[in-house]
Amino acid sequence: MTYYHVSFENPLTFYLQVQLMVEVPADSGSPLALQLPAWRPGRYELQNFAQKIQHVEISDAETDESLPYRKTTKDRWEVPGAAGRSVRVRYNFYAHQMDAGGSWLDATQLYLNPVQALLYAEGQQDAPCQLTLDLPADWRLACGLPQTLPNTLQASNFDQLADAPLIASPTIQHQQYEAGGLPFHVWAQGEEALLNWPKLLADFKAFSEEQITLFGGFPVADYHFLNQFLPYKHYHGVEHHNSTVIVLGPAELLMQEALYKELLGVSCHELFHAWNIKAIRPAEMQPYDYARENYFRTCYIAEGVTTYYGEYLLARSHVRTPAQYFDELNLVLRKHYDDAGGQHLSLADASMDLWLDGYKPGVPDRKVSVYHKGALAALLLDLTLRQLHGHARSLDDVMRRLYEDFGKTGKGYTDEDYARIVGEVAGRKMQVYFDKFINGTAPLQEPLDKALHTVGCQLVAYENASASEGIFGFRTVVKNERTEVTYIWPGSPAATALTADDEIVAVNGRRVDMNLQSLLGTDATHYEIAVFRQNRLLLVELAALPGVHFGPRYAVEKLAEADEVQKAGFQKWLGWEF
């Protein structure tokens, strides 16, 4: 058993006091190695949590004798001569990161993601763990782990402990509903949160039941939605073994449409992860290696398929209407077609590159999002499977097979396993789909439009209403009254005249002051643009390319006239009458 103890002396400092107790076998011939995770599941990049560790002390727990230790990497410590000893490790952890993957301490709450803060002894990751929290008497503890004693959590191993976030507070709200015969807990931290609990619980129950029906079962015995509702704008969610942390704000607007739809979308998305990534796990992550990158080519499944289902199932469960679903789907289209990155990197390679720069904008037109393109590729696959079998088969069948073959067995899957199952569900080889849209960079527009027609819908392209982007191929942002170029479409007129970070100051001698679009929308044949580039004033020319436009806006819409087969397909796909 590995014992952890977490307390705090002064929440104004944001520092937690962490203590770890570990028994070292007497026959151990090597130093005790202590490792702090360098990343967390759900965000596939190194995050170097050791930056938050202060004042490490290591001693013999029985004699209190200080033990010498040596730091061997940025997040690994070695203790020689520890064989046969009970070793106590003490350190402070800085809990001052309020997002769904962070930890936070103040006078009103303790919010902890253990994966950030707890060391583990190498070679003892499979040992049971116990975490005791020193909390004020009136504080309530919310966590997916069982409590064996008050404020004492039990985990079967370090992986389970690391994957169990917790919130402790005197004001946390709690409600519960049942789906699939199992308890689902909704926790709400944030005094500003004005929740319509009956509506929220009914909506959550509906999409939970829809997901359980899809998979034919639930991988865990209970589930916890741990919500941090903040007094300021925020949006973030992270999946865990039998829980999720969702951080949203501003809390007083939660039940208004703009924010409530975000709460529904992220909650449905994160619950789907209970199957797709937590139970159905890539082979490269069986088990997790917390000390280094865990490269995998299937994040387009883990995140792309989940992004598709996260909004789609809200419509299928009648929590949202088809029109509301299309609004969210069109937002995914907007984000995917916001640059030319899809022409240069495949979904499979983008999965690998999450560890490189997957969560940052990166250099222009280099990469594609596994979330956005992954969701569109999943939509295309779902509609294709439905078309092949008259809606008797779908992507649901693929996900059920993954759950049966890999989620329930604990065996990791590979991209080859996914392709094989897709082919078996389709009843034919689907190599062209994988060659073009997963391992290649073929455009999605034409095949997606064709697939949408089978369910009475279409993919419509609208010209970009912005003169600067639609006609000349560049986007701008106004910062401190400065109009700066932020993006340039390849092959556009702007590509031969402007560069990112140019400050546009005048058009045809007229000063630019929140009027760029009107100055460029006069149908003139040429425009003289004055720009500051690296503090030097330059004059450049822009001329439109007749009949050529840039940055089109794509949208999924219902056909004005659909036949009976298409209308039936719409109903079978979305569960709504056309």
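Helices and strands here are DSSP runs (H or I over at least four residues for helices, E over at least two for strands), numbered from the N terminus. Residues are numbered from 1 along each chain as its sequence is written. You are looking at a predicted model, where local features need pLDDT of at least 70, side-chain atom pairs count only at pLDDT 80 or more, and totals for chains, interfaces and linings use all residues, while side-chain values use heavy atoms, with hydrogens and water left out.

Let us begin with the backbone. Most residues other than glycine have a negative phi, and most peptide bonds are trans. Against that background, a cis peptide bond joins G249 and P250, with omega about 5°. P250 sits in the loop between β20 (243-249) and α4 (257-272). Another cis bond runs from Q286 to P287, with omega near 0°, and P287 belongs to the loop between α4 and α5. H55 is not a glycine, yet its phi is positive, about 60°; you will find H55 in strand β4 (residues 53-60).

A pocket is an open set of points on a 1 Å grid over the protein atoms alone, where a 1.4 Å probe fits, with protein on both sides within 12 Å along at least five of seven lines; lining residues have an atom within 4 Å of a point. The second largest pocket has a volume of about 540 Å³, the volume being the space filled by probe spheres set on the points, which are joined across faces, edges and corners. Its lining counts 24 residues, and those closest to the centre are N157, D159, R281, Q286 and Y288. Helices α2 (158-162) and α9 (395-407) each supply at least two lining residues, and α2 gives the largest share, 3 residues.

From α9 we can move on to its packing with helix α3 (residues 197-215): the angle is about 70° and the axes are 8 Å apart. Axes are lines fitted to C-alpha atoms, for helices over the stretch in contact, and angles run from 0 to 180 degrees between N-to-C directions. Since 65 to 115 degrees counts as roughly perpendicular, α3 and α9 are therefore roughly perpendicular to each other. T213, L214 and F215 of α3 touch D396, M399, R400 and Y403 of α9, contact meaning heavy atoms within 4.5 Å.

Now turn to helix α5 (residues 299-316) and helix α8 (residues 372-388), whose axes come within 7 Å and cross at roughly 65°. These two are therefore also roughly perpendicular to each other. Residues of α5 including Y300, Y308 and R316 meet residues of α8, among them G374, L379 and R386.

Terms used. Parallel < 35°, antiparallel > 145°, perpendicular 65-115°, else oblique.
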